[in-house]
Amino acid sequence: PADVKCGVGHSDQADTAEAMREAFKQCMGQIADTPSFMVVTMTADHDHRAGLDVLAELAPNVPYSGSTTCRGTLIGDKALHGGQLVAVWGIYDPEGFYSPGIFEYTDRPADDAFRACKKAYIEFKAIRDTKKSVHGVPSFVWVNGAPDPEDRTLAGFARALGEGTPVVGGSSADNDISGKWKQWCSLNGGTITSSGCSFTLCFCSALVQGQLFTGYNATGKKGLVTQMEGTRKICTIDNRPAIEVYNEWTGGHYTELMKTSDNPNILAESSLYPLGQVCGQDEDGEPFYRSIHPSQIWTTTGAVQVFSDVKEGETIVMMSGTKENVVNRIAGVASHIVRTSGFSLQEVRGSLVIFCAGAMMFAGDSIGIAAQKLNTALGGTPYMGMHTFGEQGMFPDGLSRHGNLMFSALVVSSRRRIMKVLNVDTGRS
């Protein structure tokens, strides 16, 4: 098997430096060795600079990346919400290689992502070629960007690495959608931005498996997008104002809201009725969907703002779901990944999980049940679940996409990615 161990730690202390020390100590207690890579998350109300400065002292030269999370995390059988939080997930993988990067977004995010990823990949290859255990393209790319340019960021990464390289992660978040999100990585002693993207090219010596799922089901109500403004404002569906069609699909869910508010925010209301797109078929011939979160109604024009890119000529459907669906689906995601991966639950060493912040809020008090089910599905192994304003991961067709109100999970096994061949006389590889 691969020499891989995972660990996770958290702290709700208000002092960021002390919280980071406590979270890191817990993580180290499970790994019992220097991590090879860490994912670090904090709520937006922490002193992020102070936390990362402490981390640089505790784990010098250990690569990490991460971002802010909405209200907390899922760890073990608990939903850690309601206050300030620092959490650290780490992997010990001495035969692997992890190369972080970070960039600022301009008005050309696909090009920004391509250039940054290409630069990191060139550096990655230079090191890769000196390590016998590291071959080929990265196992996955871990990504945490600012909300909005996610679809174009993925397009840039695909240009740099090829469409088949898994890109997994989530858009940085805050507690109240006020724009206090941050992204960071270990470069230059700890680099922080609020309008960029942190990422890490990850070559894990063990096999990993991931997938992106929605917690909602498609209804029979669908229409053709006939006019867009930009990439995320749907003006018309079937040549009618988008909100007229969408409101009819919901049975008048937004009628009263539109009477009392101008350009209302509908993030909470639309969690019950998101939109969706067919992105292909799974191995059973069933369509798989990415869900799209409507965020605002433009009352004067009848347009609907959404949190994922949509194009004219695409068909969108109305999705629906219940709290029970959301709570049960996240555990189902983890079980499905393990079941289809080829490795057993006993081989699972840890996981990184992305659980949409909107879905978390929709689940409400039931979110603790989701943590319990997820912990059971992963065999009690160390995992960390961040709450994000957008989710990225692999679909069944092998392509990485961005969606909303979704769950993304990456499971790390102990099964070796590159098999060692030992000399029977010397015992060496």
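Predicted model: local features only at pLDDT ≥ 70, side-chain atom pairs only at ≥ 80, totals over all residues.

Colleague: Fine. What comes just after H5?

Modeller: Gly 251, which takes a positive phi of about 75°.

Colleague: And H5 itself, mostly covered or mostly open?

Modeller: Mostly covered. H5 spans residues 242–249, and six of its eight residues are buried.

Colleague: Which ones are buried in H5?

Modeller: Ala 242, Ile 243, Val 245, Tyr 246, Asn 247 and Trp 249.

Colleague: Now H3 and H4. At what angle do their axes cross?

Modeller: Roughly 35°, and the axes come within 7 Å. H3 is residues 109–128 and H4 is residues 150–161.

Colleague: Left-handed or right-handed crossing?

Modeller: H3 passes H4 in a right-handed crossing.

Colleague: Which residues make the contact?

Modeller: From H3, Pro 109, Ala 110, Asp 111, Ala 113, Phe 114, Cys 117, Lys 118 and Tyr 121. From H4, Arg 152, Thr 153, Gly 156, Phe 157, Arg 159, Ala 160 and Leu 161.

Colleague: How do those residues divide by type?

Modeller: Nine nonpolar, two polar and four charged.

Colleague: Where does the charged end of Arg 159 sit?

Modeller: Over the ring of Phe 114, 4.2 Å from its centre. Lys 233 lies over the face of Trp 298, at 4.1 Å from the ring centre.

Colleague: On to the rings. How many aromatic pairs does a search of the whole structure find?

Modeller: Eleven. One joins Phe 97 and Phe 124, with ring centres 5.5 Å apart.

Colleague: Why is that pair called tilted?

Modeller: The planes of Phe 97 and Phe 124 are at 45°, so the pair is tilted. The tilted class lies between stacked, under 30 degrees, and edge-to-face, over 60.

Colleague: Where in the chain are the two partners?

Modeller: In distant parts. Phe 97 is in strand S7, residues 97–104, and Phe 124 is in H3, 27 residues apart. Both Phe 97 and Phe 124 are buried.

Colleague: What about Phe 103 and Tyr 105?

Modeller: They form an edge-to-face pair, 5.4 Å centre to centre with 90° between the planes.

Colleague: Why does Tyr 105 count as buried?

Modeller: Because its relative accessibility is 17%, and buried means under 20%. Phe 103 is buried too, at 9%.

Terms used. Residues numbered from 1 in each chain as written. Heavy atoms only, no water. Buried < 20%, exposed > 50% of the residue type's maximum accessible area, 1.4 Å probe, protein only. Helix = DSSP H or I, 4+ residues; strand = E, 2+ residues; numbered from the N terminus. Axes fitted to C-alpha atoms, helices over the stretch in contact; angles between N-to-C directions. Left-handed = near helix turned anticlockwise from the far one by under 90°. Contact = heavy atoms within 4.5 Å. Nonpolar A, V, L, I, M, F, W, Y, C, P; charged D, E, K, R; others polar. Phe/Tyr/Trp six-rings, centres within 6.5 Å; stacked < 30°, edge-to-face > 60°. Lys NZ or Arg CZ within 6 Å of the ring centre and 35° of its normal.
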